[in-house]
Amino acid sequence: MIPTTGRRRFATAARRASYTMQTPPEHTTPPAHAKLTVLIVDDEPDIRELLSMLIADLGYATITAHDGLDGLEKFRSASPHIVLTDIKMPGKDGIALLKDIKGLNAEAEVIMISGHGDMVLAIQSLKHDAADFITKPIDEELLEIALAKVSERILLREQVREHTRNLERLVREKSAALVEMERRLAATQVMESMGKAFTILSGAAPEGNYFFELPFFVAIHDGNCNVVTVNEVYQARFGRRAGLRSCSVYERCGSENWVSPVREAAEKQSSVHRDEIMIAEDGTRVPVLSHVSPVVGSGGGIELLLEVAVDVSEMRRLQDELSRTQRKFEHFFDTVPCSITVQDRNLRIVEANATFRRDFGLPEGRTCHDLYKRSDTPCETCPVLATFGDGTAHQFETVVTTTTGRRRNILVWTAPLTGAGGEVEQVLEVATDITQIRELQDHLSSLGMMLGSMSHGVKGMLMAIDGGAYRVDKGIETGDLERIAAGWKTVRHRLIHMRKTVMDILYYSKSREPELAPHSLAAVVAHLAETVAVKAGQSGIAFHSDYLGVNGHVSIDEIAFSSAMTNILENALDACRLDTGKKGHRIELSAAVDGDRAIITVRDNGMGMDRETMDRMFTLFFSSKGALGTGIGMFVTHQIISGHGGTIEVDSAVGAGTTFRVSLPLVDGS
């Protein structure tokens with residue numbers, strides 16, 4: 001059955017749908033998630049129908065399934081982007097469905113639907129990589145926020161894929177330009193070989209006109225460096241030059257100490273290879289790569305000289321363009337806000353951009369797992385090795401450490417770099433820093449869990465306040481002062497508890513840098529002793545403090561540090577109050593100096609803790625007090641002490657009490 005609030009939202013959605021059918025749609029730009037599909041899995045038809053209408057109204061396509069098995073089948077056949085599933089269903093429940101879906105597609109985004117009694121299961125689902133969870137009755141705004149969050153994550157992945165595809169295309173285009181450049185340079189080597197081949201000629205100039213058709217400037221000179229004949233390409237560009245001096249076509253002809261390449265080849269009786277400028281018939285300067293080879297006759301003397309000149313103006317234009325393109329590519333490669341590397345089959349980095357070198361150091365032939373994680377072995381699911389294996393792109397998310405020791409979440413994309421034969425020679429790896437996204441997601445998830453957990457705790461405190469107020473009212477009616485006092489004690493105790501809970505929530509949800517200032521260690525402990533002594537006396541618990549004669553100063557944020565230490569002391573009070581198996585409870589607060597550290601010790605002989613509780617006590621939302629605890633106080637305490645450069649050590653045993661030791665660095669008190 002749909003809850004009352006659900007039925008009201010259902011009616012609202014129905015009216016909205018009716019209005020949409022009656023009103024012509026406006027031409028608006030579709031939302032970013034217009035093509036995303038949501039699979040809704042719930043065993044209650046009314047809820048499926050409600051969710052389908054709400055989600056369709058938000059601009060998503062929807063598919064529904066009536067249980068976990070049907071949902072898994074629909075996921076296999078339709079491959080939806082997002083899955084919205086109830087946790088408790090007959091047969092295959094939501095947790096089992098989540099595991100199966102993640103096994104089929106680790107990128108699938110799954111949002112869990114839970115009732116108030118399913119909070120433990122909801123938190124458990126996050127451990128299996130659920131994107132989020134919402135509680136019944138379903139609030140349309142929370143549903144929209146959850147869908148928008150996972151839609152943004154899906155679109156981010158697609159943007160990274162598109163970025164990688166564009167980078168691959170750019171690499172292919174520039175590689176093709178390099179190949180073309182190498183091809184043109186190779187052509188000059190062919191001309192040199194052709195010139196050497198003419199040394200087998202002897203006697204008169206070679207007969208036939210086969211060399212006239214060559215696509216180069218070809219000229220044959222006699223032993224006196226006069227032009228004998230030229231090919232059609234030469235003649236079309238430089239005119240009829242038969243019988244003219246060989247050097248007259250060169251720009252530097254007549255310059256002091258200058259010798260034409262033809263004259264140099266004749267004097268050296270060997271091939272000459274030079275860059276020159278030739279003057280065309282219309283006066284245009286033509287940069288050429290000139291190769292002159294002597295043709296030796298049967299008597300051993302030079303009878304002819306073969307000159308092959310290649311117009312390199314286009315090649316130089318290509319060289320300039322390639323140089324500019326290379327500079328642009330190098331600028332892009334170095335300034336793109338991602339860490340980019342090229343790796344060989346041994347995972348050694350052969351190229352790295354400036355971003356990678358800045359964050360992880362100079363490669364110098366080191367491996368990626370060494371630079372990323374200071375590890376001697378590759379990651380278990382290394383995407384670079386996977387790309388070498390199948391020649392396709394792969395994605396991988398992991399945590400790495402920079403040279404400054406900062407941990408980062410990165411999203412890695414790999415792409416193959418193939419050789420002429422199509423084999424993968426190297427792999428391009430692009431790593432995008434998604435630390436802020438993950439921190440935001442974790443913080444939002446924590447806030448969602450906190451609000452759900454807090455609602456139960458606040459509900460219990462409100463019920464206790466109601467009970468205390470009832471006793472006060474009855475006491476007033478009957479004139480029973482003892483009953484009034486007892487009721488007011490309950491109300492006051494719960495109000496204090498509620499205030500502490502709210503302060504913890506505010507500290508956690510709005511983190512701030514501590515405002516540190518030096519304080520006397522003895523004064524800090526004296527203030528704590530004064531705060532807890534009254535509460536201990538009201539509960540019949542003996543309280544002893546020992547801080548007199550302790551010298552030294554600590555740098556603390558007085559408000560935050562006092563809140564953290566009060567949490568520890570109130571835990572000690574609760575441990576004594578809840579220990580009904582013995583009497584004569586006692587709490588001790590002391591301070592001491594050990595080297596350059598201040599040690600504040602809180603010891604009680606209350607109920608104590610087992611090993612599992614000690615291991616989890618500083619975990620968010622963990623509480624050993626049941627409905628009396630919020631699960632956030634000790635988590636916040638640990639954060640505050642760590643923010644002060646301190647540590648907390650805990651010793652405890654069931655029935656034997658607990659000892660907390662808080663260590664802080666000493667500072668100069670001046």
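Which backbone oxygen lies 2.8 Å from a polar atom of the side chain of H644? In this predicted model, where local features need pLDDT of at least 70, side-chain atom pairs count only at pLDDT 80 or more, and totals for chains, interfaces and linings use all residues, that atom is the backbone oxygen of I640. Residues are numbered from 1 along each chain as its sequence is written, and side-chain values use heavy atoms, with hydrogens and water left out.

H644 sits in the loop between α18 (633-643) and β21 (647-653), with helices (H or I, at least four residues) and strands (E, at least two) taken as DSSP runs numbered from the N terminus. With a relative accessible area of 7%, H644 is buried, a word that stands for under 20% relative accessible area, with exposed for over 50% and partly exposed for what lies in between (1.4 Å probe, protein chains only). The side chain of H644 also reaches the backbone nitrogen of D557, at 2.9 Å.

For the protein as a whole, there are 18 helices and 22 strands, and 43% of the 670 residues count as buried. Among contacts (heavy atoms within 4.5 Å) between residues at least 6 apart in sequence, 59% join residues at least 24 apart.

Helix α8 (residues 261-268) has P261, V262, E264, A265 and A266 as its buried residues.

Just after α8, Q269 takes a positive phi of about 55°.

The model also has three cavities of 30 Å³ or more. On a 1 Å grid over the protein atoms alone, a cavity is a set of points where a 1.4 Å probe fits but cannot get out, and lining residues have an atom within 4 Å of a point; a volume is the space filled by probe spheres set on the points. The largest cavity holds about 110 Å³ of space, and of the 16 residues that line it, C368, Y372, C379, F396 and E429 are the closest to its centre. At least two lining residues of the largest cavity come from each of α11 (368-373), α12 (383-390), β13 (394-401) and β14 (407-418), and α11 gives the largest share, four residues.

Terms used: A polar contact is a pair of N or O atoms within 3.5 Å; within protein, one must be able to donate a hydrogen and the other to accept it, and residues adjacent in sequence count only if both atoms are side-chain atoms. On a 1 Å grid over the protein atoms alone, a cavity is a set of points where a 1.4 Å probe fits but cannot get out, and a pocket is an open set with protein on both sides within 12 Å along at least five of seven lines; lining residues have an atom within 4 Å of a point.
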